[in-house]
Amino acid sequence: MTLATIDTVESFTNFVSSSTLTVVHFCAEWADQCGPVTEVLKELLKLPEIQNSCTKFAVCDAENLSEISLKYKVDSVPTVILFKNGQPLDRIDGADASQISSKVKALSGGNVNAPKQSLEERLKALINRHNIMVFMKGTRDQPRCGFSRTLIQILNGTGSPYDTFDILTDEEVRQGLKTYSDWPTYPQVYVKGELIGGLDIIKEMLANGELESTLNA
C-alpha cells in the first residue's frame with residue numbers, strides 16, 4: 001500500500017468511489033503543517049489492521065483542484081476527509097494527529113476475519129520493523145521536540161540506515177512502550193529488537209566512540 005497522489009477531478013472521483021474507506025489529505029505546498037499530516041498517513045499505512053482493511057490514502061493539492069475543495073468546503077489546509085462509496089463520512093480540519101489516527105482506525109474497521117493483534121505483539125512487530133528503530137515525537141524529516149531533533153542529527157551523522165515511528169500518531173503505542181521497555185521517556189532507540197536507550201545514552205556512546213559499532217552490531 002502506498003500514498004496515492006490525486007491530480008485530476010476524474011482520479012479523485014474514481015478514488016473516493018471505493019466501497020472501502022478512502023482517506024484524502026487536502027494540502028498545499030506552502031503550508032508547513034501539511035508535511036506532518038502526510039507523515040501521519042504514511043505511518044497509518046504501515047499498521048497491519050489498516051492494511052487488512054484495504055483502506056486507501058491519498059494527497060490532493062487543494063488549490064489545483066479548487067473545484068473539489070469548494071464542493072467539500074475545504075477552506076483551509078491541512079484538511080483530511082474520510083470517504084466511503086463516494087460519500088464523506090468524517091473530516092479533520094487542521095494538523096490533529098491523534099484525531100486523524102483515531103478516526104481512521106475507527107472507520108476502517110479492519111478485516112473481521114483477521115485476529116486482532118495484542119498490544120505486545122504490535123510493539124514487538126514495530127520494534128523489529130528495522131534493525132535500528134527510533135520511537136520519537138515527529139519524524140526524521142519533521143522532529144516535534146528538541147530531544148528528537150538532536151537524536152536524528154546524531155544518527156544522520158553516523159550514516160547508518162534507520163526507521164522511525166511517530167508516537168504522537170498512536171497513543172496506545174506511546175503509553176504501551178513505556179511499560180513494555182520500562183523506559184518512561186522519548187525518544188527511544190532499539191537495535192535488532194533490543195532497547196539501547198534515549199538521547200543521553202546515545203550521546204554517551206557517541207562520546208565514547210561506541211555508537212557506530214553498536215548501531216551496526
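Q: At what angle do helix α2 and helix α5 pack?
A: This is a predicted model, in which local features need pLDDT of at least 70, side-chain atom pairs count only at pLDDT 80 or more, and totals for chains, interfaces and linings use all residues. Residues are numbered from 1 along each chain as its sequence is written, and side-chain values use heavy atoms, with hydrogens and water left out. Axes are lines fitted to C-alpha atoms, for helices over the stretch in contact, and angles run from 0 to 180 degrees between N-to-C directions. For α2 (residues 34-45) and α5 (residues 97-108), the axes are 10 Å apart and the angle is about 35 degrees.

Q: Which residues of α2 and α5 make the contact?
A: Helices (H or I, at least four residues) and strands (E, at least two) are DSSP runs, numbered from the N terminus, and contact means heavy atoms within 4.5 Å. From α5 come Ala 97, Ile 100, Ser 101, Val 104 and Lys 105, and from α2 come Val 37, Val 40, Leu 41 and Leu 44.

Q: Which kind of aromatic pair do Phe 12 and Tyr 72 form?
A: Rings of Phe, Tyr and Trp (its six-membered ring) pair if their centres lie within 6.5 Å; planes under 30 degrees apart count as stacked, over 60 as edge-to-face and the rest as tilted. The rings of Phe 12 and Tyr 72 are 5.8 Å apart, centre to centre, with 50 degrees between the planes, and the pair is tilted.

Q: Why does the pair of Phe 12 and Tyr 72 tie together parts that are apart in sequence?
A: Phe 12 belongs to helix α1 (residues 9-16), while Tyr 72 is in the loop between α4 (66-71) and β4 (79-84). The pair therefore joins parts of the chain whose separation in sequence is 60 residues.

Q: Which kind of aromatic pair do Tyr 72 and Phe 83 form?
A: Both residues, Tyr 72 and Phe 83, are buried (under 20% relative accessible area, with exposed over 50% and partly exposed in between, for a 1.4 Å probe and protein chains only). Their ring centres are 5.1 Å apart and their planes 85 degrees apart, so by the cut-off of over 60 degrees the pair is edge-to-face.

Q: Is Ile 6 buried or exposed?
A: Ile 6 is found in strand β1 (residues 3-6). Not counting residues up to four places away in sequence, Ile 6 touches several residues, among them Phe 12, Phe 15 and Leu 65. Because its relative accessibility is 4%, Ile 6 counts as buried.
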